[in-house]
Structures are given as structure tokens and as C-alpha cells.
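Subject: Structure for your review

Hello,

Here is the structure I said I would pass on.

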Amino acid sequence: MVSLVSTTPYQDQAPGTSGLRKRVSVFQQRHYVETFIQSIFDVLDGFAGETLVVGGDGRYFNREVIQIVVKMAAANGFGRVLIGRGGLLSTPAASQIIRKTKAFGGIILSASHNPGGPEGDFGIKYNAGNGGPAPEKLTDAIFARSKIINQFRTIAADDIDLDHLAVSQIGGMRVEIIDSVADYQKLMQSLFDFDRIGALFRSGFAMKFDAMSAVTGPYGKVILEDVLGAKAGTVLNGVPLADFGGHHPDPNLVHAKFIYDLAMRADGPDFCAASDGDGDRNLIIGRKQFVTPSDSLALLAANAHLAPGYAKGLAGVARSMPTSAAVDRVAHKLGIPLYETPTGWKFFGNLMDAGLVTLCGEESAGTGSNHVREKDGLWAILLWLNILAVRQQSVAEIVREHWAVYGRNFYARHDYEEVNADGAAALIKALRDDLPNLKGKKLGALHIQDADDFAYHDPVDGSNSERQGLRILFEDGSRLVYRLSGTGTSGATLRVYLERFAQDVSQHGLETQSALADLIQLSRDLARIEYFTQRQAPSVIT
Ligand code: VG1
Ligand code: CO
């Protein structure tokens with residue numbers, strides 16, 4: 001038992017959508033990590049002798065924190081710890097291992113798409129026994145505990161060798177270094193038709209996958225190149241680096257511009273993809289055809305039955321509120337329920353545990369299914385490959401046929417990153433206060449039908465989540481959504497989501513930003529973005 005010195009930096013922020021994220025320098029403060037880990041253990045009950053899964057995305061400080069966690073787990077009474085070799089575990093692989101080994105839970109070390117390195121970010125999240133992110137009542141309890149905690153448990157022991165598959169012992173606890181790629185590959189093989197995907201590659205189909213120097217490199221190399229036979233060099237930036245090579249491992253059009261530019265070439269690969277720091281997101285781009293994540297979710301839902309794992313059809317689908325309604329039209333046609341949840345994967349977990357949905361996704365390029373309880377980047381890429389192998393059409397042909405059947409949801413997200421936090425809060429407050437006055441208002445050709453602050457009632461556990469995003473809904477089905485990011489680590493990030501539906505195929509050739517031009521202007525005027533943030537334009541458009 002070690003007493004925390006009185007200067008212990010208590011957590012000043014509840015762990016949000018994806019755990020606790022801070023600058024590395026914050027985590028490096030004396031006993032900061034210990035405070036958070038002990039707070040997690042203190043609010044959990046009944047793990048004596050049970051298994052804990054530990055791993056991270058390989059970013060700077062990953063190895064040091066794993067050593068701290070392992071010793072604390074031993075001192076707190078866990079019976080076994082499973083660690084990915086090299087300290088690496090992608091978020092979806094961690095979810096799978098928790099489920100497969102019936103572990104009590106897992107600690108995943110990642111700040112996902114945030115930059116890494118000594119000047120970058122670090123993060124810690126706790127996943128429960130179902131393999132999914134801790135529910136809000138647990139993260140709230142961890143936060144409350146971290147404010148009053150005054151001691152933590154650890155044992156004096158040598159550091160574990162993380163790089164060799166081996167079993168050892170720390171105190172009374174068993175420590176196993178495991179090969180998580182092999183397990184994950186088997187799971188993917190059980191869901192997808194690897195023979196057909198392999199035949200696709202053998203026929204000359206060219207692909208590039210940008211692992212962004214993050215955790216999916218080893219998974220991508222084994223599955224795409226070694227097992228499926230994609231050409232050597234298909235995986236780019238396949239070696240996980242502590243600073244991600246100085247890039248943000250965020251597969252958006254700014255940070256994954258290289259792969260986007262490659263896909264836009266007439267002689268580019270047939271299929272380009274990327275994943276983020278911890279491997280739970282995906283970016284899909286066909287030759288000369290960008291696929292918005294919202295469209296990707298709709299397309300996967302409409303075609304999932306082509307993959308063996310989903311041949312029996314889908315129980316239902318879910319999307320986060322800001323995600324476009326493209327998937328709603330697919331659900332309607334399939335005659336299956338559609339659930340609309342707040343942003344963040346934890347809300348999907350309950351629906352999947354209850355068997356209500358099979359597929360879910362977010363506009364931020366997170367897509368997944370009930371095979372794990374996290375979004376899964378490589379899974380989405382493999383489902384796309386399975387669909388391409390069966391349909392024998394290009395990505396562009398598949399997307400265009402989809403629009404012809406279902407109509408097209410023009411969609412964009414405008415991020416105003418690292419703006420002044422007080423200004424951003426004031427913007428949201430002013431707009432929230434104004435919502436009642438906006439209903440029924442006519443603004444040029446746009447008529448506001450409704451305006452509200454999204455609230456969610458969880459049909460499974462009965463919990464309520466309020467203030468999940470401001471929605472301005474127009475009579476023609478267009479929509480504006482405003483919310484503040486919960487994953488940034490400096491200032492505030494305002495996200496504005498814009499959507500317009502067009503059934504008329506003649507409009508489908510329009511360029512997104514021009515199809516949304518009036519909504520874009522209105523999004524700035526309505527919320528007085530420049531006044532509150534001193535920004536005339538967003539920093540990232542996806
Ligand atoms: C962002 C995305 C959200 C996603 C979350 C975690 O959250 O918008 O859809 O679930 O990141 O993803 P926010 O609060 O910044 O908008 V990840 O890849 O960081 O685990
Ligand atoms: Co992520």
C-alpha cells in the first residue's frame with residue numbers, strides 16, 4: 001500500500017466518451033496514472049482471481065503505463081493479466097480478447113486519433129466484461145473516486161518482458177503475453193469469405209491500406225498481405241511508432257490526405273483505406289470515389305448479407321444522432337428497426353447485448369457489428385472487400401447504384417478545432433436558449449420545422465442521456481447539428497454536422513460543399529460562430 005502524497009494531481013475531468021485523455025506530460029506527473037488506475041479498481045467489485053486484459057496503441061508512454069498497471073493489478077488481487085505482445089492491442093482486438101477469455105474487463109491505453117509522442121496525448125480507458133466501453137455510471141463513479149482517493153496498491157517487482165510470448169508470475173498473479181493478431185485473424189475468417197477475397201486479390205485487384213504508423217499495421221500485414229495474398233506493400237506505414245511518425249493518426253481528409261490523393265488518381269488503386277491510432281475507425285475510398293462514413297454504414301447494411309457472418313440478415317441497425325439518415329432508408333427497406341443514439345460507442349453496446357442490433361456506426365468513420373463491442377476499422381475494410389469480391393463492381397459503381405435506389409444524403413462535418421473553451425460554451429448556451437424561437441422560422445428558402453437538444457432514453461437499461469447535441473431540422477429534411485467534442489485535449493472543438501437529402505438522381509452528381517452551400521452559410525450565421533470563436537471557417541472539413 002502506497003500513500004498518495006498530498007500534492008497528487010487529482011483528475012480534473014470526468015473520463016468522457018473514450019476514457020481519460022490528456023497531454024503525456026499530465027500523465028507523467030507523479031502518481032497521476034496510479035490515481036486513475038486505483039480509482040478504476042476501487043469502484044469495481046468482484047475481480048479477485050479474475051482476468052484483466054491490458055494493451056495499447058503503442059504510443060509514447062504505453063510501455064511504462066503497462067508496467068504500472070500490471071503491478072497494481074497484482075497488488076489489487078487480479079488472478080491473471082493478458083497483455084498483447086509489445087504492449088500492443090487494437091481497441092477491437094482488446095474487446096474480442098475480453099469476450100473470448102471471459103475476462104473481468106480490460107484497460108486500453110490509447111488516445112485514439114490524437115497525436116502521440118512526448119508532446120502529444122495519452123489516454124486510458126476501461127472496458128467492461130462485455131468488451132465494451134465502461135457505461136456512464138461507471139465512468140462517473142471512477143471520476144468521483146479519483147477526487148477523494150488517498151492511497152494505491154502496488155507491489156515491488158521487476159518489469160515484465162513485453163516482447164516475447166511467455167507466461168510469468170508477479171506476486172500471486174499470472175502474466176501472459178499473447179499474440180492478439182492470430183485471434184483476431186480467426187475471428188475475421190469466421191465472418192468473411194477469405195477465399196473469395198483472396199481470389200479478388202489474385203485477379204489483380206489493387207489496394208492500399210494506410211495504418212498511419214499506428215496499431216493496425218501488424219494486423220493489416222498479416223491479414224491482408226500474408227493471409228489474403230494482397231501484394232507486398234499494400235500496407236503503408238505498417239510499423240507502429242511511438243509518435244506515429246509525427247502525424248495525427250486520424251483517418252480524415254486532412255491527415256489521411258496522402259491516401260485520398262492516391263485514390264483520386266485515374267491510375268490509382270481500386271480500393272484505399274485507412275485506420276486510426278487504436279484501430280477502431282476506418283476510411284474507405286474507391287478509385288475516384290470517396291465514401292462518406294455515413295454512406296459506408298448504409299452500404300454495409302444494405303450488402304452485409306453477402307458476407308457469410310451476416311448471411312442470415314441483420315436484427316437491426318443503429319447510428320449516432322449526428323450520422324446521416326442514409327442508413328435509416330436501408331433499415332426501412334429491410335424492414336428492420338433503426339436506433340438513434342448519442343455520440344460514442346458505449347450506447348451501442350446495450351443494444352447489441354440485448355440482440356436488438358447487428359450493425360452500427362458513426363459519421364466519424366467508426367463502424368462495427370456485434371462480433372465485438374467496439375467499432376472495428378479492419379472489420380469494416382474486410383466487409384467492404386467481401387462485398388466487392390462478391391459484386392465484382394467498383395466502389396464507384398456500388399455507391400452510385402445505392403444512391404439511385406435510396407437517394408443521396410449529402411453530408412459534411414465542419415470542425416472548428418481548439419477554439420476558446422468559454423467562447424464555445426457560450427455559443428452552445430446561446431443557441432440552446434434560442435431553440436424555442438427557431439421553431440417555425442423561415443430563413444430564405446429554408447423553413448425550420450423543429451429545433452431541440454437531443455436526449456436519449458436507453459431502451460435496454462432505462463437510463464437517460466440529455467444535452468447530446470443541438471438539432472435544427474428543416475421542412476425539406478435537411479438538418480444542422482451542433483455539439484462540442486468530448487475527446488479534444490486543448491481548448492474546445494465545435495463540430496457542426498450538415499445534411500441534405502436528395503431523391504432526385506439528377507442532383508447526385510453535385511459536389512458536396514456546393515450541394516450544402518446555403519446550409520453551410522446558415523450554420524455560421526445561426527450560431528454566430530465567428531462572434532463566439534473568432535473563426536471564419538472550420539479547420540477540418542470531412
Ligand atoms: C469523436 C467522434 C465520435 C467517436 C469518438 C471516439 O468524439 O466524433 O464519433 O465515438 O471520437 O472515437 P468527439 O466527442 O470528439 O466528437 V475514437 O476513434 O477516439 O475511440
Ligand atoms: Co479510435
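The notes below cover the metal site, the ligand shell and the aromatic contacts.

Keep in mind that this is a predicted model.

Metal site. The cobalt ion (ligand 2) has four residues around it: Ser112 through OG, and Asp276, Asp278 and Asp280 each through OD, at 2.0 to 2.1 Å. Along the sequence these donors follow the spacing S-x163-D-x1-D-x1-D. Asp278 is buried at 1% relative accessible area, and Asp280 is buried at 2%.

Ligand 1. This ligand is surrounded by 20 residues, and the closest are Ser112, Arg281, Ser364, Thr487 and Arg495. The shell is made up of nine polar and 11 charged residues, with no nonpolar ones. Oxygen atoms of ligand 1 lie 2.5 Å from a side-chain N or O atom of Thr487, 2.7 Å from one of Arg483 and 3.1 Å from one of His113.

Aromatic contacts. There are 17 aromatic pairs in the structure. One of them joins Phe27 and Tyr32 edge-to-face, with 5.4 Å between centres and 80 degrees between planes. Phe27 also pairs with Phe122: the centres are 5.2 Å apart and the planes stand at 75 degrees, so this pair is edge-to-face too. Because Phe27 is in helix H1 (residues 24–27) and Phe122 is in strand E6 (residues 121–127), the pair ties together parts 95 residues apart in sequence. Phe27 and Phe122 are both buried. Ring pairs connect Phe27, Tyr32, Phe61 and Phe122 as a cluster.

Charges over rings. The charged end of Arg329 sits over the ring of Phe501, 3.4 Å from the ring centre. Arg408 lies over the face of Trp403 at 3.9 Å from the ring centre.

Regards

Technical notes: Residues numbered from 1 in each chain as written. Chains lettered and ligands numbered in written order. Predicted model: local features only at pLDDT ≥ 70, side-chain atom pairs only at ≥ 80, totals over all residues. Heavy atoms only, no water. Donors = N, O, S within 2.8 Å, 3.2 Å for Na, K, Ca; no water. Buried < 20%, exposed > 50% of the residue type's maximum accessible area, 1.4 Å probe, protein only. Near = heavy atom within 4 Å. Polar contact = N/O pair within 3.5 Å; in protein donor to acceptor, adjacent residues only side chain to side chain. Nonpolar A, V, L, I, M, F, W, Y, C, P; charged D, E, K, R; others polar. Phe/Tyr/Trp six-rings, centres within 6.5 Å; stacked < 30°, edge-to-face > 60°. Helix = DSSP H or I, 4+ residues; strand = E, 2+ residues; numbered from the N terminus. Lys NZ or Arg CZ within 6 Å of the ring centre and 35° of its normal.
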